[in-house]
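Thanks, everyone. I'll keep this brief. Please have the structure open while I talk.

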Amino acid sequence: MMGETQPAASAKGASIEEKQYLLRFNADTQSHLHVMDTEVCLTSCPDKICTVFCPAEVYKWEEVRMHVGYEGCHECGSCRIGCPHQNIKWVYPKGGHGIVFRLG
Amino acid sequence: MPEKFDAIVVGAGPAGTACAYELAKAGVNVILIERGEYPGSKNVMGGVLYRKMMEEIVPDFHKEAPIERPIVEQRFMMMDKTSAVTFSYKGMEWAEEPYNNFTVLRAKFDQWFAAKAVEQGALLLNETVVLECIVEDGKVVGVRTDRPDGELRADVVVLADGVNSLLAKQLGFHKEFRPDEVALATMEILKLDKKIIEDRFNLEEGQGCTIELFGDATKGILGTGFLYTNKDTLSIGVGTLLSGLIKHKIKPYELMEYVKKHPMIRPYIQGAEAQEYLAHLIPEGGYRSMPKVVGAGVLVAGDAAQLVNAIHREGSNMAMTSGRLAAETIVAARERGDFSEAALDDYRKKLMSGFVGQDLKKYKDATHHFDKFPQYFEQYIPMMNRAASQMLTVDGMPKREKQRKIWRDIGPAKEKIKMARDLYRAWRVMK
């Protein structure tokens with residue numbers, strides 16, 4: 001629904017890219033999220049539902065593999081619980097790393 | 001830093017900080033471990049903080065804490081696509097001391113609260129992840145952190161590590177949660193001039209209003225939306241069961257945009273500028289999803305113990321009370337020198353006999369019921385809107401005929417019986 005390059009809407013912060021841009025991240029150099037068996041995504045998971053419900057669009061399906069943009073993760077835990085194949089290893093980023101909420 | 005403490009508290013949210021504050025105040029040598037850059041940097045809340053439970057820990061806190069606005073009106077909007085039936089209570093008794101509740105921004109509030117615990121003598125250690133509890137002879141004796149030489153030992157460990165509750169899961173206190181046991185909420189903080197907020201929400205200077213959104217705000221999926229007033233920002237959010245997002249294949253941020261553009265909401269937020277976007281899980285499983293909360297040398301508090309009353313959007317108050325009760329139990333256990341599961345079980349007893357346990361029990365079937373029977377949100381709220389529109393539209397149709405039309409709108413006799421049964425069931429799970 002939303003184009004990669006074109007911000008979709010009138011108001012500032014309407015697209016997920018713009019929403020993510022409002023945030024401060026102190027990303028670690030290593031991912032805290034791991035797809036355990038990439039074959040499972042390819043062969044057993046037609047919906048790839050993590051690409052839908054992840055609130056930060058961390059998971060993106062790229063033809064044959066799952067791209068995990070851990071740098072923009074809100075550390076909510078939805079992917080760990082919602083993956084229909086329990087195929088995501090989920091730990092917290094290293095202390096002091098990851099998302100830094102300033103307000104809410 | 002000494003290697004051995006009297007107590008270790010994991011997580012500087014409302015539960016952990018309340019616990020560390022009370023322990024330090026009682027002279028217990030306590031370390032409060034927070035994984036974020038500062039307390040609050042990983043925390044999200046719609047924003048309502050209840051005065052009573054906070055005041056039991058820090059009396060008169062509102063005089064110095066970074067609160068946003070005392071709430072004087074609570075509105076409940078039953079939304080259809082282009083309409084809403086709204087209920088509200090506004091009372092001036094809430095506009096003065098002792099107040100009922102306040103809006104707060106968690107990153108600010110949690111930092112302040114943790115600083116108060118430090119003032120009492122707690123040691124706050126930021127930027128540190130607890131990887132696991134150290135268990136020896138069946139008893140928790142400390143934690144392993146991600147710092148070099150990161151082992152810390154204590155007589156007792158309090159797990160207040162939040163909704164994901166990884167540490168209690170490692171101890172076998174609960175299994176992984178199911179998607180229908182957690183709600184995924186997204187929220188935005190929108191900047192808006194103070195005076196404009198007060199005009200739009202019909203408020204006097206400094207006062208606040210909360211609006212809860214039901215029905216079309218979540219496109220009929222089980223969940224709620226909210227719109228709260230802060231000093232010079234609004235908090236707008238929407239949360240549904242994770243299972244609902246999966247079932248209906250909805251992107252949470254698109255649902256957020258849908259709410260922001262809804263004709264019942266748009267005028268409130270017009271011209272307001274997004275400052276932050278946040279996502280977080282809420283434990284919604286209630287009483288039936290509660291883990292074991294006590295073990296040898298260990299207690300579980302707050303979201304980690306699934307202490308949320310989803311029907312009344314209460315959670316931080318339960319977290320604080322659980323933290324305080326955990327501290328009380330630890331202080332008593334120290335006097336006896338006994339941190340066995342049996343000795344610490346007083347915590348569970350106090351928690352379950354007080355308002356936390358009683359309210360969780362009262363609503364133990366509510367979330368499950370409304371999830372299982374989607375017609376409340378999908379059918380009855382739109383029906384309520386059509387009935388209100390019919391009765392209040394003056395078009396020359398006699399009122400009795402309008403009533404008959406509303407009655408027919410429910411459907412054939414079997415639909416009416418079903419609706420009566422649903423209302424009775426709803427009353428049963430809520431009573």
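**Helix packing, domains and the chain interface**

The crossing of H9(B) and H10(B) is right-handed. Keep in mind that this is a predicted model.

Let's stay with that pair. H10(B) covers residues 341–353, and its axis comes within 8 Å of the axis of H9(B). The crossing angle is roughly 150°. Angles over 145 degrees count as roughly antiparallel, so that is what H9(B) and H10(B) are to each other.

Who makes the contact? On the H9(B) side: Ser322(B), Leu325(B), Ala326(B), Thr329(B), Ala332(B), Ala333(B) and Arg336(B). On the H10(B) side: Ala343(B), Leu344(B), Asp346(B), Tyr347(B), Lys350(B) and Leu351(B). By type, the contact of H9(B) with H10(B) has eight nonpolar residues, two polar and three charged.

Now the other partner. H9(B) spans residues 316–336, and H1(B) spans residues 14–25. Their axes come within 7 Å and cross at roughly 35°. H1(B) passes H9(B) in a right-handed crossing.

From H1(B), the residues are Pro14(B), Ala15(B), Gly16(B), Ala18(B), Cys19(B), Glu22(B) and Leu23(B). They meet a set in H9(B) that includes Ser316(B), Ala319(B), Met320(B), Gly323(B), Ala327(B) and Ile330(B).

Next, domains. In the assignment for chain B, domain 1 comes in pieces: 4–66, 105–174 and 290–353. Domain 2 is 182–283, and domain 3 is 367–430. How far apart are the C-alpha centres of domain 1 and domain 3 of chain B? They lie 45 Å apart.

There is also a record. UniProt, in an unreviewed entry, puts "domain: FAD-binding" at residues 5–186 of chain B. That stretch is 20% helix and 37% strand. Its end C-alpha atoms are 37 Å apart.

Last, the interface. Here 44 residues of chain B contact 30 residues of chain A. On the chain B side, the elements giving two or more residues are H3 (106–120), E11 (182–191), H6 (242–248), H7 (252–261) and E15 (273–283). E15(B) gives the largest share, nine residues. What is the make-up of the side of chain B that touches chain A? It divides into 21 nonpolar, ten polar and 13 charged residues.

That's my tour. Over to you.

Definitions and conventions:
Residues numbered from 1 in each chain as written. Chains lettered and ligands numbered in written order. Predicted model: local features only at pLDDT ≥ 70, side-chain atom pairs only at ≥ 80, totals over all residues. Contact = placed C-beta atoms within 7 Å. Helix = DSSP H or I, 4+ residues; strand = E, 2+ residues; numbered from the N terminus. Nonpolar A, V, L, I, M, F, W, Y, C, P; charged D, E, K, R; others polar. Axes fitted to C-alpha atoms, helices over the stretch in contact; angles between N-to-C directions. Left-handed = near helix turned anticlockwise from the far one by under 90°. Parallel < 35°, antiparallel > 145°, perpendicular 65-115°, else oblique. Domains from an automatic or database assignment. UniProt positions renumbered as here; feature names shortened; annotations may be inferred.
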